[in-house]
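I opened the model to look up a few local features. My entries follow the structure below.

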Amino acid sequence: MAPRAKTPSKPQAPADRAVSAVSPADAPPADLTQTIVAAITTAIIEHRLAPGAKLTEQKIAAIYGVSRTIVRQALFQLARDHLVRLEPDRGAFVAQPSVEEAREVFAVRRVLEQHLVEAFCEKAVAGDFRALRAHLKQEQAVVGRVDVTGRTRLLGDFHVLMAERIGNHVLAQILSELISRCALITLMYQSSRAAQHSSDEHVEILKALETRDLARAKSLMEAHLLATENSLLYHRRISSANLAEALGSRAA
Ligand SMILES: [Zn+2]
């Protein structure tokens, strides 16, 4: 499909106003942490928070009427998911993955996932196919909805699940890490059409695996990863040091 056209960047709201959509609640600390995680994630997806924007602990704590400890927990969780970067003595910033890094991630995935398809084709039993089919059912139900975080997670989980089902936990962990390194780019730039397309490709890959057609499964996986990469990065400047710069944002 045609990649999304580059649009002029909108003026970015300061971090403290961009995440103020949720009102503070008398909820348990864990729920409050999740509320803040969700609000910041949504602000990133909706381009209200630009890559590189500073997330001031104190301001976020004031917005939600919570302690800085709770904000810190939320920022830690976002950092673990590669959406936020924590810098000693400087604080937290929205991550700024470079286009080059994303391309490297996809190049590594293409190699690893050829191996994954081979191993899955060799080892998978009926229960593994059932598990993947069940996953795809869930995936297909979610891709059409507006839940960008949910669909991104499920689309990535398909690959991780393949490795887990055949007991290759090392590969599952590496893939999970690689996929989350591209999380910010995927959340911000994968259109719902591209997400649907991606899920349809999963269905085709599974069909090839079910008939143990290794050559077809491998070429479908290769094409799938290339298509995903291109749908995310085609219009970004490869030479750019970071996304914000590539999109003409002043937040670089
Ligand atoms: Zn996929």
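Which residue just after α2 takes a positive phi? I found H47, with a phi of about 60°.

I note the source first. This is a predicted model, in which local features need pLDDT of at least 70, side-chain atom pairs count only at pLDDT 80 or more, and totals for chains, interfaces and linings use all residues. Residues are numbered from 1 along each chain as its sequence is written.

I looked up helix α2 next. It covers residues 29–45. Helices (DSSP runs of H or I, at least four residues) and strands (E, at least two) are numbered from the N terminus. The expected span is 1.5 Å times one less than the number of residues. For the 17 residues of α2 that gives 24 Å, and the end C-alpha atoms are 24 Å apart, so the two agree.

I listed the buried residues of α2: L32, T33, I36, V37, A39, I40, T41, A43, I44 and I45. Buried means 20 or more other C-beta atoms within 10 Å of the residue's own, exposed 12 or fewer, partly exposed in between, with C-beta atoms placed from the backbone.

I then turned to S180, in helix α8 (residues 169–181). S180 is partly exposed because 18 other C-beta atoms lie within 10 Å. S180 touches D81 and H82, leaving out residues up to four places away in sequence. Contact means C-beta atoms, placed from the backbone, within 7 Å.

Last, I checked the whole chain. It has 12 helices and three strands. Of its 252 residues, 36% count as buried.

Conventions. Two residues are in contact if their C-beta atoms, placed from the backbone, lie within 7 Å.
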